[in-house]
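Please read it alongside the sequence and the model.

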Amino acid sequence: MIMAGTSGRGTARRRSSGASLGFYLGVIALLFGLLNLALNLRTTQFVEQDISIVEAILKESLSAFTSAKVADAGSRQELHPDRHPSYKLAGLSCDAYGGPSPDVAQEMVYWRDIPADSNHVSPFQKPAVTEYLTFEPDHGGFNNIRMAMETVLALAFAMGRTLVLPPEKRMYLLDKDSERNHFGFDHFFHMEAIHNEHTGLNIITMQEYLEREAMTGHFRDGDGNVAFPPRNRTQWDGANPDEIDTLFYWLRSVSQVVVWNPEECMAVFPASASHEDTQDLIRINSEVNAENVKWEDYVGKPFPIDASAKNRMKENRAGRQEICLYNETLQAAERIHFPTDHSMSARLLVHFYAFLFFQDWKQDLWMKRFIRDHVRYMDEIQCAAARVVAAVRQKARAYNNANTEGSFSSFHIRRGDFQYKKTRVEATEIYDMAKRRLAENETVYIATDERNIGFFQPLKDHYNVFFLSDFASELAGVNTNYYGMIDQLVTSRGSIFFGCWFSTFTVSTARSQRRKSTVFDASLG
């Protein structure tokens, strides 16, 4: 079965001037003309010239095209020009956040700078048309919110759409600091830098979207009438939850509403906008369904990353029989909206790499690099974590002179409102498992929501145990709502990490740990 999405009201797309479109077509024609000239010269002169001549011509022409595209998009606005300085995501500077020194901070850097990746453009992005994706944040804890945001960000990039950030709002359990209790995603991630550094991705605020599109009469309701946002309001930051819900309900009424359930389907993207690629994916899905594939068949036996689309689909479907296909209907929609609503089974509670599937394996590999290298916590959070890691290592060295590296192991022990009660085990049982891997008296860092520190006595009896609360001086002046993210980053630096099953906090920690320890090989693109 193919799931495309339920329909809201989509408006007719606006087009730029014919002169702009003609310019792009002229540049493309010039590019091919230059290529043809270079090839003809090579043939008629009967000289074995290096192919770099043609490549140089292509690069020069493409550079001109890219420069023109950037100039044409010169209206790109900063999300919050007064909030974060413009800089490159590849670095990590802690000078403005109380340290540590650059060499100490470098330990936190798992991301990599691959300049060519910034030029990636979705095959579905239309040069003369601006198309949008809006979404409703997840209603769970921060790691669920972050996970769903990563998925939406990947969807917007894959579709070639401008991503509209939801208004700043209260987030579950992030109410510990009196200075701020309403948050947007750019309070945790460098959204502005992501926007600035990628040719193929635009990110705007909800206010900009409503002022640019809604208040200029470009929205239509189900009857075809011009539709304006509730009470003609464009600034929704800090509004109470009920008010923000009215905005989301209105967005559903003027957009193509898409409900893709990650438990039932994969979000599948053709290699191009061609009808043939779309039909090929439908055929592949039918063939895979007929083979009764089981995910267990691929444990420890993965296909190569450049395997055929059919083999990669078999490996990634994980028991799902359906595909949520980005088909011609959705490609033609100017505005797409992803709701979060239990009554609609609408919740993108899924890791992007377990949901998005690309017919072209290179697009899949690029997307994973994009999230790894660009969607990371902001410098203030990274630097605070680096200070704590340095302090833990110092204590580890002081406790054991032979531990010259200051190595430590880490735990995530979830004890609070976690819905999976079977993950709550006693500290004695945790020790029985840990002692198989950890040496007696080893230094251990524990991230936990257990407030009764006495619970951990069985671990303290055998290990040199520390918690985030032991490092108050390293956290002076840091917003307490960032403590969960800092905890996560510190645990990721443990030589051995013990996590909590079913926890998105644990998964994020493990991802950071693997990214830091894995050697990067760009030979496959």
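Helices (H or I, at least four residues) and strands (E, at least two) are DSSP runs, numbered from the N terminus. On that basis, the chain has 16 helices and 13 strands. This is a predicted model, in which local features need pLDDT of at least 70, side-chain atom pairs count only at pLDDT 80 or more, and totals for chains, interfaces and linings use all residues. Residues are numbered from 1 along each chain as its sequence is written, and side-chain values use heavy atoms, with hydrogens and water left out.

**Overall fold**
- Contacts (heavy atoms within 4.5 Å) between residues at least 6 apart in sequence join residues at least 24 apart in 77% of cases.

**Surface**
- The chain exposes about 24,600 Å², of which carbon and sulfur atoms supply 52% (Shrake-Rupley method, 1.4 Å probe; for residues, only the protein chains shown count as cover).
- Phe228 lies in the loop between α6 (206-214) and α7 (241-253), and is partly exposed, with a relative accessible area of 37%.

- Leu155 belongs to helix α4 (residues 142-159) and is buried, with a relative accessible area of 0%.
- Not counting residues up to four places away in sequence, Leu155 touches Leu133, Trp260, Ala267, Phe269, Phe338, Leu348 and Leu356.
- Leu155 and Phe355 are 200 residues apart in sequence, with their C-alpha atoms 9.8 Å apart in space.

How values were computed:
Buried means under 20% relative accessible area, exposed over 50%, partly exposed in between (1.4 Å probe, protein chains only).
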